[in-house]
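Q: Hi! Could you walk me through this one, bit by bit?
A: Happy to, just ask as we go.

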Amino acid sequence: QLRLVESGGGLVQPGGSLTLSCAAHGLRLDYAAIGWFRQAPGKEREGVSCRNNRDGSTYYTDAVKGRFTISTDNAKNMVYLLIHDLKPEDTAVYFCAVERDSSFWAHGPTCRVSDFGAWGQGTQVTVSS
């Protein structure tokens with residue numbers, strides 16, 4: 001049974017860093033489509049960063065380029081989101097998402113909510129002084 005469990009969220013001051021982790025149970029990540037999404041109060045869920053683990057290609061939304069890094073440890077079935085220089089507008093619940101086979105991303109990750117069927121429960125990130 002596929003299950004995703006996020007961890008690593010918390011309260012951080014502006015300019016700080018966090019590493020979000022996602023443990024993937026019930027599948028191998030080698031050929032998976034992987035995504036990190038976030039949802040702030042009153043806003044739609046948005047794709048922050050996605051990775052085609054088949055070929056290593058990545059996507060970052062403009063607001064996080066240069067500050068966020070998506071990575072995986074296939075041997076441990078773990079997905080990470082490294083976040084630097086946090087801003088108050090990064091405050092949101094962050095979700096990990098996975099699809100077993102990334103072949104539908106033939107032309108690169110599109111990082112849409114509709115790309116994914118498996119989601120974690122989310123982890124809260126709050127950026128405040």
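Q: How do E9 and E11 pair, and over how many bridges?
A: E9 and E11 are antiparallel, paired over three bridges; strands (E) are DSSP runs of at least two residues, numbered from the N terminus, and two strands pair if DSSP finds at least two bridges between them. The bridge partner of Ala92 in E11 is Val125. This is a predicted model, where local features need pLDDT of at least 70, side-chain atom pairs count only at pLDDT 80 or more, and totals for chains, interfaces and linings use all residues. Residues are numbered from 1 along each chain as its sequence is written, and side-chain values use heavy atoms, without hydrogens and water.

Q: Which bridges join E9 to E4?
A: E4 and E9 have seven bridges, also antiparallel. Tyr94 in E9 is the bridge partner of Arg38.

Q: And what about E10, how many bridges there?
A: Two bridges join E9 to E10 (residues 118–119), and these strands run antiparallel. Ala97 has Trp119 in E10 as its bridge partner.

Q: Why is E9 largely enclosed?
A: Six of its eight residues are buried, so the rest of the structure largely encloses E9. Buried means under 20% relative accessible area, with exposed over 50% and partly exposed in between (1.4 Å probe, protein chains only).

Q: New topic: what does Phe68 touch?
A: Beyond its neighbours within four places in sequence, Phe68 is in contact (heavy atoms within 4.5 Å) with residues including Arg38, Val48, Leu81 and Tyr94.

Terms used: Helices (H or I, at least four residues) and strands (E, at least two) are DSSP runs, numbered from the N terminus.
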